[in-house]
Amino acid sequence: MLKVHDVSKSFGGLLVIDSFSMEVQPNQIVGIIGPNGAGKTTLFNIITGYLSPDRGTVTLDNHNITKKKPEKINRYGIARTFQLVKPFANMTVLENVMIGAFSHTSKTAEARRIAQEYVELVGLQNKANEKAGKLSLPERKQIELARALATEPKYLFLDEVFSGLNPTEIEEIIKLIHSIKELKKISFVVIEHNVRVISGISDKVYVLHHGVVIAEGTPEEVLTNQEVVAAYLGG
Ligand SMILES: Nc1ncnc2c1ncn2[C@@H]1O[C@H](COP(=O)(O)OP(=O)(O)O)[C@@H](O)[C@H]1O
Ligand SMILES: [Mg+2]
């Protein structure tokens, strides 16, 4: 289990994450919603080692991983995608995904075999040898997903993986996440600001507002919470 306990973070005088706690069980999908600037990406950066919290702890299966380096946290079993998808444009799809595999093997043939598996899993096998820069936005998101998966995580953090996609493309990625979850038994933590998308996919939702969790629970519980409706849905 992944446990984030009482994490806080300020930038200058601005408190961006205020005593945040969360638990993610194995094989669970957890959603984090909140408007722009709520602190969602900062939270991901803290959990995945790109930023140090001022206070609080992150533990994974009883290992304290707080303030460890991103590569180390990745080896413990946490992978992420970035809000801005930027695969190496001049490398092929397969080569991009091999970068993920190299996190746990130094053998090229082995990395290629692992990468092939995940390129296929996300449905890009027909484009494996094309340059990543030529692919569409949804395809580049699939590359990013495959690259993160190729590190073979137990917990995968997705930062706004649905943004910029149309409803059909969103539906495809949701299906993909569900099938990866069933096949690989991994957990997902998904940042999203579309409430409908997040309730469709999550077992549990946290609502972040100015760095504070104002509600947590099942999508039904959260979306009927008066504070959430007032603060976030503008009701
Ligand atoms: N490196 C940084 N230095 C200073 N302020 C930052 C930094 N990163 C984020 N912030 C600020 O922290 C707040 C939360 O940002 P962010 O975590 O990116 O929100 P979200 O992902 O929910 O949109 C914003 O006010 C943002 O301007
Ligand atoms: Mg963000």
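## Salt bridges, domains and helix packing

Lys181, Glu182 and Lys185 are joined in a network of salt bridges, a salt bridge being a side-chain nitrogen of Lys or Arg within 4 Å of a carboxyl oxygen of Asp or Glu. The structure described here is a predicted model, in which local features need pLDDT of at least 70, side-chain atom pairs count only at pLDDT 80 or more, and totals for chains, interfaces and linings use all residues. Residues are numbered from 1 along each chain as its sequence is written, chains are lettered from A and ligands numbered from 1 in the order in which they are written, and side-chain values use heavy atoms, with hydrogens and water left out.

### Salt bridges

The structure holds 10 salt bridges. Side chains of opposite charge can pair when their charged atoms come close. The table gives three of the pairs, including the two that involve Glu182.

| Pair | N to O distance |
|---|---|
| Lys9 and Asp54 | 3.9 Å |
| Lys181 and Glu182 | 3.7 Å |
| Lys185 and Glu182 | 3.7 Å |

Lys9 is buried, with a relative accessible area of 10%; Asp54 is partly exposed, with 49%. Helices (H or I, at least four residues) and strands (E, at least two) are DSSP runs, numbered from the N terminus.

### Domains

The protein is divided into domain 1 (2–77 + 153–231) and domain 2 (93–152), with bounds that come from an automatic or database domain assignment. The centres of the two domains, taken over C-alpha atoms, are separated by 24 Å. Across the boundary, 19 residues of domain 1 are in contact with 14 residues of domain 2, where contact means heavy atoms within 4.5 Å.

### Helices α4 and α6

Helix α4 (residues 108–121) and helix α6 (residues 167–184) have axes that come within 11 Å and cross at roughly 135°. The axes are lines fitted to C-alpha atoms, for helices over the stretch in contact, and angles run from 0 to 180 degrees between N-to-C directions. From α4, Glu117, Tyr118 and Leu121 meet Leu176, Ile180, Leu183 and Lys184 of α6. By class, this contact has 5 nonpolar, no polar and 2 charged residues; Ala, Val, Leu, Ile, Met, Phe, Trp, Tyr, Cys and Pro count as nonpolar, Asp, Glu, Lys and Arg as charged, and the others, Gly among them, as polar.

### Helix α1 and positive phi values

Helix α1 is largely enclosed by the rest of the structure, because 7 of its 8 residues are buried. Among the buried residues are Leu43, Phe44 and Ile46. Gly49, which follows α1, has a positive phi near 90°.

Most residues other than glycine have a negative phi. Glu152 has a positive phi near 55° and lies in the loop between α5 (137–149) and β7 (155–159). Glu160, in the loop between β7 and α6, has a positive phi of about 50°. Glu152 is partly exposed at 40% relative accessibility, whereas Glu160 is buried, with a relative accessible area of 4%.

Key:
Buried < 20%, exposed > 50% of the residue type's maximum accessible area, 1.4 Å probe, protein only.
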